[in-house]
Amino acid sequence: MTISTAEPRTSSRPAVPSAVATTARVLGRRALQAAGVVLVVSTACFAIVQNLPGDIAFRIAAGRYGYDQVTAASADSVRAELGLDQPVWLQLMDWLAGLVSFDLGNSLVTGASVAGELGLHLASSLQLAAAALVLALIVGTTVGALAAARPGGLLDRLTTVWVSAARALPPFLLGLLLILLFSVHLGVLPAAGHGEANNIVLPAATLAVGLSGLFARVTRDAMAQIRQSDYVRFAATKGLGNWLVFLRHICRNTGVTLIAYVGVQVLVLIEGVVVVESLFAWPGLGHALVHAIFWRDIPMIQAAALALALMVVAMNTLVDLATAAVDPRPRHKEAVL
Amino acid sequence: MGWQKMRVAGASAVALLMIAGCAAGGNDAPAVTQPLRVVGQFEFHSLDPSTAGGFFTRLQVAETLVDADVQGVLQPGLAESWSASADGLSWTFALRPDALFHDGTAVTAEVAAAALTTAQGKAGTPLATVPLKAISAEGNAVRVELAEPFAPLPAVLAHTSTQILAPSSYGPDQAVTKVVGSGPYQVSHIEPPAKVELAAFEQWHGEKPDISEVTYQAVGRAESRALMAESGQADVTFGMDPSSLQKIRQAGKLDIAAVTLPRSILLKANSGHEILGDVQVRRALSLALDRESMATALLRDPEMAATQLFPPSLPDWHQASAKPLEHDPAAARKLLADAGWAPGSDGILERDGRKFTVTLRTFPDRPELPILATAIQAKLKELGIAVDVKVGNSSEIPAGHKDGSLELALYSRNYALVPDALVTLTDDFAPEGGDYGSMGWNDPALTSALHDLASGNDAGKAAESRGKVTDILQAQLPVIPVAWYRQSAVVSPRVDGVTLDPLERSWRLSDLAWKK
Amino acid sequence: MTNAVAMHELSPAPAQSANRPHWVAGRTKTQLISAALLAALAVFAIAGPLAWPDHALQDLSRFLEAPSAAEPLGRDHLGRSVIARLAHATQLSLVMAVLCVSAALLFGTLAGIAAAWRGGWVDSVLHGLSEVFIALPALLVVLVVSAIANGDLWTLCLGLALAQWVEYFRMVRARSGLLLAGPAVEAAGLLRLGPAHIMRRHLFPELRPLLSTMATFGVGSSILALSTLGFVGIGVRPPTPELGLMITEAFPYYHEAPWMALAPVLVLTTILIGLLGLRSKESRA
């Protein structure tokens, strides 16, 4: 539904001279945030990993040699090879210097380039998140619009129940239920794995169920409210057709609320990704992060954490820009959480 | 408002079609041309033979000089035959003349010698512990010079860390960038850490395998693997948890292949510890364990309750005559009382103001370990021993061994990583202790028995020496045996000929066939 | 996992009606039912551990025993009483969640008021910090912090509080900024009534309804986060009973012992539904 909101331009609005300025302001503010995030996340990760219990060299050796083949000898060779004897601050400076030149270093466990591995993980996480978001938007806005057509009707009440149920079911439980239903009992979808086209359906659906409930609720509330607003009634009174009122006024204004809300949900989505990846053996960022923490693969932890955090900043930037595009009224504060 | 409903209905229909379209792909009838889908718990994070943990030998991509059959008897691998000089200091391994790497180059003695030299330089591999002097190429044979006799050398050259890769496998800095082996399967696509696709190698000298394409997918959670097996998404699934296995057995739709492994779950005790150093205390701990209940309830396999360290699947070492370890809480209490331990006000045993509290370290990579640790904790609590269970990273066991802080550790040990258990035992029960063996404990009789076996003198007394080793370990309990292992794989009905290798060296995919 | 969900539901409580007792007045049916559910769970969490004190007692010979009169929820894979573990787990989850939320609430509110009151560099620093935290997925913060101590309870609590304080901070800072600039506070300032008076009479009454709504959702998301961490395997340590951990442990046995998996699922969802219902408004536009 929201897709249609962008297409017909409303000619009644004046051209907005500040569009470029708004974009610049949004980008500037977000760039600052990103820089802060990078500094805080990488330093914090480093400090915390250094203070984690257990000998880092042993942990890394366990990752390299397999959990039951790590020995004191292999740990010593890891320590010598990686220069873990260096002062901590020197290691941190090395990493930050590398970061400035976009060099994320090599994984301590696999020896492969972190950037390369991260690229793969990031791509599969984004793929999953995007699939979930699209699915949730399609289902959520459809149901929300239907529910708003008759507030208090059967569908409206069902939506309320669905929203509560979706929020009371943690993603990992929902995932298990979906696997039991679709893979084991019906046998139509693969339970886990990666690489085939249909592998993405269940993890994406797991994430989408929770989100779509919320989208449905927001769409429904916004539409119901807008339907009763003065400008919609005026538009109807002045003789505009139902279609035009729906497209120009209802859809567009619902879109503003919905886009801001999607931004908020991005955080929820990214957190859900971590859990869902673990359940469905999906080789994404969350999966990589959990493993890297377990093995004390410091460059990988830092890079994965950074990627997750920057993903949030990037998504929020997009939301800011989209909000500014759909609703170009100037405002003093950005309408983003 | 009819238009609006139609519009919305249209959107829902599109969404449904999308879902249905995605779902339809999974419904294909199984065709024999499809690859064999193997699912297991092992992820691979490196291609290096010393760290890939035998992953590529299991998949039969890479070969070692020496192979072993399912009984653990050494078989020719890349080497057709081998022999030792009379003094046992010089060994010659003659290579198979027609062997080819997957890139079409020949497997030469020079390449093999270079690969072994690299393997020897890696810390923590069995080859690094062999008293080696030199490895060289001699015509079509690899020559190994030793500083002192070492009878199990051929068995060490069957260990997966000694696999021979083609020169094209190595990148500029000697790092392994791809796996070019000489086995019946070659890697056609690789997606670390979880996915590998294999294709049969056309120029393989042996019989052409019936299954020409294989995909391997690593799945971390045991529940997820079980679900994949049940939903027909996997043809061969390794690493099944006991409960799922029970369910699949009851459903009866899938085959289950099983084999007992030369692997034991054991409780390592720090014998240099002020409490656990007392052999009577270790005996009391052993008597407190209800191995049969643990095996029945937790492993769902009563036969896997250990009665001694070595399982029957290690026939050379398992002593049918040994007095089995028993569950006898009363005797355990008596031993502890004799050692001076008396219950304190809170029910925890005390001696001279020192409470009997110990920490048990274990790790979750094998899902049964934390559960067994919890059961052990409860059993020892009944005796008044407070055990703090720490489930962490497996590396905390060797790390604790090194700094002396380890008290108890629960883990599983494979005694046939090298097909001759002697190599692992020599390492584990060395006088100074071993990461996954004794700690702060040594017994001169055991050391000399192991030494006699390794030197290979007096082969006639080998059985007697092995018996002595088992007896000493049973009496002294530097490690307390808990359970043995049965490996199971779930096999879909369209595949025939699955035999499991108790040594976990190979999945023998080339022996499998599509059911006709 | 984040309170962000709660934001669009923040609005003043419905007007009170006169002829009903105070605590019922203005509450919808859903809210009353939710409150009853939560009260029942709280009783279970307080009384349960007293009635079944030992949650770690095993009887391996009775593993996966079906529910009976003596053991209303049966026994788990180690032969432990499921109801005893459930009672302890419910208590743990509720106590931990309340602790986390209190810590986040206290710190967030104090920082928010400080930022609004003092302005200047205090505000800049705190605001900058919050901008960074808001960009971090809460689970990431908890994951990294809780990795420090291998599932010690206090680190989990700290991690959750760190992930949540920002929401309170931002809300309090924004609201207090408006209130402090308003005519009422200006008048109070002119009368020299002092900061304590302003806090008590002007800030607190305005902030309280919003804070209590956010805290309610915060408790829910903390419980959810705890159980999720248990599921991923970096939460509390076994054999400590925890709802997420119990669900994970029970999953392999779902076909043999469904009661073992269903019981914690039911408690978890009841808590979450109860908390949601407590803040729901039945009649909407």
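Predicted model: local features only at pLDDT ≥ 70, side-chain atom pairs only at ≥ 80, totals over all residues.
1. Contacts along chain B. Of the contacts in chain B that link residues at least 6 apart in sequence, 70% are between residues at least 24 apart.

2. Secondary structure and overall form of chain B. Chain B contains 14 helices and 21 strands. Its radius of gyration is 26 Å, close to the 24 Å that the globule rule gives for 516 residues, so chain B is as compact as a globular protein of that length. The C-alpha trace of chain B spans about 85 × 80 × 45 Å along its principal axes.

3. Burial and surface of chain B. Of the 516 residues in chain B, 58% are buried. The chain exposes about 19600 Å², and 54% of this area is supplied by carbon and sulfur atoms.

4. Charges of chain B. There are 60 negative and 44 positive side chains in chain B. The centres of these two sets lie 7 Å apart.

5. Confidence in chain C. The mean pLDDT of chain C is 78, with 84% of its residues at 70 or more. Residues 1-18 of chain C have a pLDDT below 50. In the model, this stretch of chain C has 44 contacts beyond near neighbours in sequence.

6. Confidence in the complex. For the complex, the predictor gives an ipTM of 0.74 and a pTM of 0.79.

7. Backbone at B:Glu504. Most residues other than glycine have a negative phi. B:Glu504 has a positive phi, near 55°, and is not glycine. This residue sits in the loop between β20 (495-496) and β21 (513-514) of chain B. Is B:Glu504 buried or exposed? With a relative accessible area of 10%, B:Glu504 is buried, since the cut-off for buried is under 20%.

8. Backbone at C:Leu64. Where in chain C does C:Leu64 lie? C:Leu64 is in the loop between α1 (29-51) and α2 of chain C. The phi of C:Leu64 is near 55°, a positive value in a residue other than glycine. C:Leu64 counts as buried, at 11% relative accessibility.

Notes
Residues numbered from 1 in each chain as written. Chains lettered and ligands numbered in written order. Heavy atoms only, no water. Helix = DSSP H or I, 4+ residues; strand = E, 2+ residues; numbered from the N terminus. Rg over C-alpha atoms; globule rule 2.2 N^0.38 Å. Buried < 20%, exposed > 50% of the residue type's maximum accessible area, 1.4 Å probe, protein only. Contact = heavy atoms within 4.5 Å. Areas by Shrake-Rupley, 256 points an atom, 1.4 Å probe, with all protein chains shown as cover. Lys, Arg positive; Asp, Glu negative; His and termini not counted. Charge placed at Lys NZ, Arg CZ, Asp CG, Glu CD. pLDDT = per-residue confidence, 0-100.
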